[in-house]
Amino acid sequence: MRILKIMATFLMLVVAALVVIPLIVLAGLFIWLKLTEEGDEESLELDQDNI
């Protein structure tokens, strides 16, 4: 019976990791996109001024 509790706990930890890790990666990509988006807008504004 004890082994079943250990296996259930391990399975829950694996499932939680499979959900949490991709969410952290997506959040990091979203933050990176937002940070680089501002720089892109500034460079586009500079390009339009030069034309």
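The structure holds one salt bridge. Good morning. Please keep in mind that the model I am presenting is predicted.

Let me begin with the overall fold. The protein chain contains one helix and zero strands. Of its 51 residues, buried ones make up 0%.

I turn now to the salt bridge. Which residue does Lys34 pair with? Its partner is Glu37, and the closest N and O atoms of the two residues are 3.5 Å apart. In general, side chains of opposite charge can pair when their charged atoms come close. Where do Lys34 and Glu37 lie? Both belong to helix H1, which covers residues 2-50, and they are three residues apart, or about one turn of the helix.

Next, the surface. The accessible surface of the protein chain is about 5100 Å², and carbon and sulfur atoms account for 74% of that. There is also a nonpolar patch on the surface, whose members include Leu11, Val15, Val20, Ile24, Trp32 and Leu33. Together, the residues of the patch have about 1200 Å² of accessible area.

Val20 counts as partly exposed because its relative accessibility is 43%.

How values were computed. Residues numbered from 1 in each chain as written. Predicted model: local features only at pLDDT ≥ 70, side-chain atom pairs only at ≥ 80, totals over all residues. Heavy atoms only, no water. Salt bridge = Lys/Arg side-chain N within 4 Å of Asp/Glu carboxyl O. Helix = DSSP H or I, 4+ residues; strand = E, 2+ residues; numbered from the N terminus. Buried < 20%, exposed > 50% of the residue type's maximum accessible area, 1.4 Å probe, protein only. Areas by Shrake-Rupley, 256 points an atom, 1.4 Å probe, with all protein chains shown as cover. Patch = residues over 30% accessible without salt bridge, like charges linked within 9 Å, V, L, I, M, F, W, Y side chains within 5 Å.
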